[in-house]
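These are my notebook entries on a structure that is new to me. I set down what I looked up, in the order in which I looked.

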Amino acid sequence: MSKEHPRIAVCPGSYDPVTNGHLDIIGRASRTFDRVVVGVVNKPMRKSKTLFTAEERKDFIEDATTDLDNIEVRIFSNLVVELAREVGATAIVKGLRAISDFEYENEMAHLNHKLDPGIESVYVFAHSSYSFLSSTGVKEMAIFNADISDLVPAPVAAALADRLGRR
Ligand code: ADP
């Protein structure tokens, strides 16, 4: 791939907190593109309040991706296509789990295409081990002290237990 024109992708999300499912998509994007900018939505529209601050959510991702040298994590508060333009990305890479993701993502892909037809939305099917994994699910499990060690990175599991676990 030409280094003069690096292929850059953004992987946007709320990542509250990052799961192994997100990390699988980020890792696969990092192998497909020259550079990946993981965009952490500062104040997600879809969620009234996040459990972790944007800084905390960013730190968890940075900590879990130290082995990948083409990843940058950024907090953003504007439109995904604006973030993509800012960093020179030509693609938005997102994971698709079930049919329920499809409906929302189909709408987002069309809206983003309308906003900037030069930026392609690329969808990656979730790994079968993570196709039923969501940040909401792990938060619910953490409340009841369930074992989430194979679903999230160790520092995330510890932070969830600390913040939500019932003593
Ligand atoms: P959520 O709150 O639903 O986990 P995010 O906004 O943090 O979602 O997700 C960012 C992106 O990661 C979305 O494209 C979402 O579909 C994708 N994603 C979330 N969980 C997984 C998973 N387990 N496997 C693959 N992709 C996922």
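Helices (H or I, at least four residues) and strands (E, at least two) are DSSP runs, numbered from the N terminus. I noted that the model is predicted, that local features need pLDDT of at least 70 and side-chain atom pairs pLDDT 80 or more, and that totals for chains, interfaces and linings use all residues. Residues are numbered from 1 along each chain as its sequence is written, and side-chain values use heavy atoms, with hydrogens and water left out.

Entry: partners of E1. I looked up strand E4 (residues 91–96) and found it parallel to E1, joined by two bridges. In this pairing Val 10 stands opposite Ile 92. Strand E2 (residues 35–41) also runs parallel to E1, with six bridges between them. Here I found Pro 12 opposite Gly 39.

Entry: I took buried to mean under 20% relative accessible area, exposed over 50%, and partly exposed in between (1.4 Å probe, protein chains only). Strand E1 (residues 8–13) is largely enclosed by the rest of the structure, because six of its six residues are buried. Ile 8, Val 10 and Pro 12 cover one side, and Ala 9, Cys 11 and Gly 13 the other.

Entry: Asp 63. I located Asp 63 in helix H2 (residues 54–64). Its relative accessible area is 46%, so I recorded Asp 63 as partly exposed. Asp 63 and Val 156 are 93 residues apart in sequence, yet I read 9.8 Å between their C-alpha atoms.

Note on methods. Two strands pair if DSSP finds at least two bridges between them.
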